[in-house]
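This report describes the backbone, the ligand surroundings and the domain layout of one protein model. The sequence and the structure are displayed first.

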Amino acid sequence: MSIQIPRGTQDILPGEVEKWQFIEKKARELCERFQYKEIRTPIFEHTELFTRGVGETTDVVQKEMYTFTDRGDRSLTLRPEGTAAAVRSFVEHKMYGDPNQPVKLYYMGPMFRYERPQAGRFRQFVQFGVEALGSQDPAIDAEVIALAMSIYNSLGLKKLKLIINSLGDKESRLAHRSALIQHFEPRIGEFCQDCQNRLEKNPMRILDCKQDREHDLMKSAPSIIEYLNDESKGYFEKVQQYLTALAIPFTVDPNLVRGLDYYNHTAFEIMSDAEGFGAITTLCGGGRYNGLTQEIGGPETPGIGFAFSIERFIAALKAEAVELPVNKGIDCYLVSLGEEAKDYTVGLLQRLRLAGFSAERDYLDRKIKAQMKAADRLNAKYVAILGENELKENRILVKRMETGDQWEMNLENFIEKFLELQQ
Ligand code: HAM
């Protein structure tokens with residue numbers, strides 16, 4: 001039996017991978033403009049980083065981590081997300097001492113979650129994320145959201161919905177927590193085991209339960225917005241004011257609770273509004289995590305960021321029928337006839353490539369007609385034809401495929417002449 005790819009993973013083949021590269025390139029360019037610098041961290045970390053960072057009561061930590069013991073008896077985990085590692089690195093390399101503050105980072109790479117695979121949900125997926133550490137200015141919250149929106153917009157996505165919420169500061173959350181316990185406790189027996197366990201540990205997570213979503217106590221549950229203290233309220237208002245100034249439309253959704261524990265104040269998600277997108281519409285999630293640096297052993301440092309997966313990005317492009325300008329084809333295909341001409345194209349091809357052109361030749365000993373077809377399949381802009389006679393007479397025939405225009409060029413200065421053709 002042949003070996004197949006593991007469940008929840010996918011191969012990105014040539015033809016498709018160009019879209020990935022295009023998105024990655026655009027996202028990098030925008031990060032550069034917004035002054036976020038790339039950071040690369042390991043694919044596995046000490047398990048404790050995620051239990052402490054992401055939170056013990058989260059689905060990610062309880063059910064979804066790929067955890068293993070290495071030969072040195074250490075518990076390691078394939079990273080399920082990028083924030084905890086970015087913050088660990090920030091602390092480990094004392095980036096809080098860098099005179100350039102806030103520290104603005106971005107990352108891209110595979111993440112791993114043992115989830116039930118379905119459309120838009122994979123066990124290995126690629127996240128692009130940013131983290132801004134060291135500033136508590138609501139303008140940086142707006143900047144982070146603006147960056148995410150700019151990446152989506154620059155790639156042609158329009159049917160987007162930004163929802164935001166505030167999870168408040170510690171004081172607001174404590175007040176909300178007591179209200180939630182009071183609300184759910186008398187009837188907690190009607191809820192799933194997970195929710196029962198969450199009641200004392202992290203009652204806010206009950207609001208995010210998929211199983212008990214329809215329970216009547218869910219709809220009447222106290223909302224965090226009612227429990228925000230003045231400072232948290234003021235902060236949230238400022239974020240909204242900046243978003244408005246940036247002309248970024250948003251909806252406040254007091255029920256937005258994120259799936260990871262480290263959030264406070266601003267939380268946001270960008271959803272696809274495109275018809276037929278499928279059940280999972282969240283494209284991007286993020287928020288503020290002011291306590292996380294301390295949790296990981298560093299000095300108190302505020303932080304905010306987001307992440308999106310390229311998989312869902314591509315699904316959104318498909319749902320909106322956006323075609324990325326990829327698969328442009330090649331500059332030149334060398335067609336040759338006869339043994340000597342064939343030999344000559346080996347060097348000619350290299351010269352073309354070194355001059356900056358994407359170029360190809362035949363490697364299957366095909367007849368002229370089949371070589372022309374191959375050039376067509378590769379979407380060649382030009383075909384350069386070298387037959388025995390041409391070679392003898394030191395010339396080459398160049399044809400522009402789109403128009404059928406032809407030129408005879410001197411073989412010796414073919415590269416210069418070919419360069420001139422492009423002007
Ligand atoms: P998250 O909401 O768990 O947040 O994931 C962020 C994004 O990753 C999702 O919106 C989705 O695009 C993608 N994603 C998550 N799980 C899957 C999956 N199984 N298959 C495909 N895509 C997936 C975080 O990970 C936070 N670290 C984001 C953040 C950064 N918050 C602050 N800074």
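Asn-394 belongs to the loop that runs between α14 (388-392) and β15. The model is a predicted one, and in it the phi of Asn-394 is positive, about 60°, although the residue is not a glycine. Most residues other than glycine have a negative phi.

Strand β15 covers residues 395-400 and pairs with strand β14, residues 382-386, in the antiparallel sense. This pairing extends over 4 bridges. Within it, Tyr-382 has Arg-400 of β15 as its bridge partner.

Strand β15 also pairs with strand β16, residues 406-410, again in the antiparallel sense, here over 5 bridges. Arg-395 stands opposite Asn-410 of β16. The two strands β15 and β16 form a hairpin, with 5 residues between them. In the turn of this hairpin, Gly-404 has a positive phi of about 85°.

Most peptide bonds, by contrast, are trans.

Lys-94 is placed in the loop between α4 and β5 as well. The phi of Lys-94 is positive, near 50°, in a residue other than glycine. Is Lys-94 buried or exposed? Its relative accessibility is 54%, so Lys-94 counts as exposed; the cut-off for that class is over 50%.

## Surroundings of the ligand

The ligand has 28 residues around it, and those that come nearest are Glu-81, Glu-115, Arg-258, Tyr-263 and Leu-283. By class, the residues of this shell divide into 12 nonpolar, 9 polar and 7 charged. Strands β6 (124-133), β10 (282-288) and β11 (303-309) each supply at least two residues of the shell. The largest share, 6 residues, comes from β10.

An N or O atom in the side chain of Glu-81 lies 2.6 Å from a nitrogen atom of the ligand. For Tyr-263, an N or O atom in the side chain is likewise 2.6 Å from a nitrogen atom of the ligand. Phe-122 contributes a polar backbone atom, 2.8 Å from a nitrogen atom of the ligand. Taken alone, the ligand exposes 660 Å², of which the protein buries 95%.

The domain assignment of the chain gives domain 1 as 17-169 + 229-319 and domain 2 as 332-421. How many Å separate the C-alpha centres of domain 1 and domain 2? The C-alpha centres of the two domains lie 49 Å apart.

Ile-314 is found in helix α11, residues 310-319. With a relative accessibility of 11%, Ile-314 counts as buried, because that class takes in values under 20%. Ile-314 and Glu-131 are 183 residues apart along the chain, and their C-alpha atoms are separated by 22 Å.

How values were computed. Residues numbered from 1 in each chain as written. Predicted model: local features only at pLDDT ≥ 70, side-chain atom pairs only at ≥ 80, totals over all residues. Heavy atoms only, no water. Pairing = 2+ DSSP bridges. Buried < 20%, exposed > 50% of the residue type's maximum accessible area, 1.4 Å probe, protein only. Near = heavy atom within 4 Å. Polar contact = N/O pair within 3.5 Å; in protein donor to acceptor, adjacent residues only side chain to side chain. Areas by Shrake-Rupley, 256 points an atom, 1.4 Å probe, with all protein chains shown as cover. Nonpolar A, V, L, I, M, F, W, Y, C, P; charged D, E, K, R; others polar. Domains from an automatic or database assignment.
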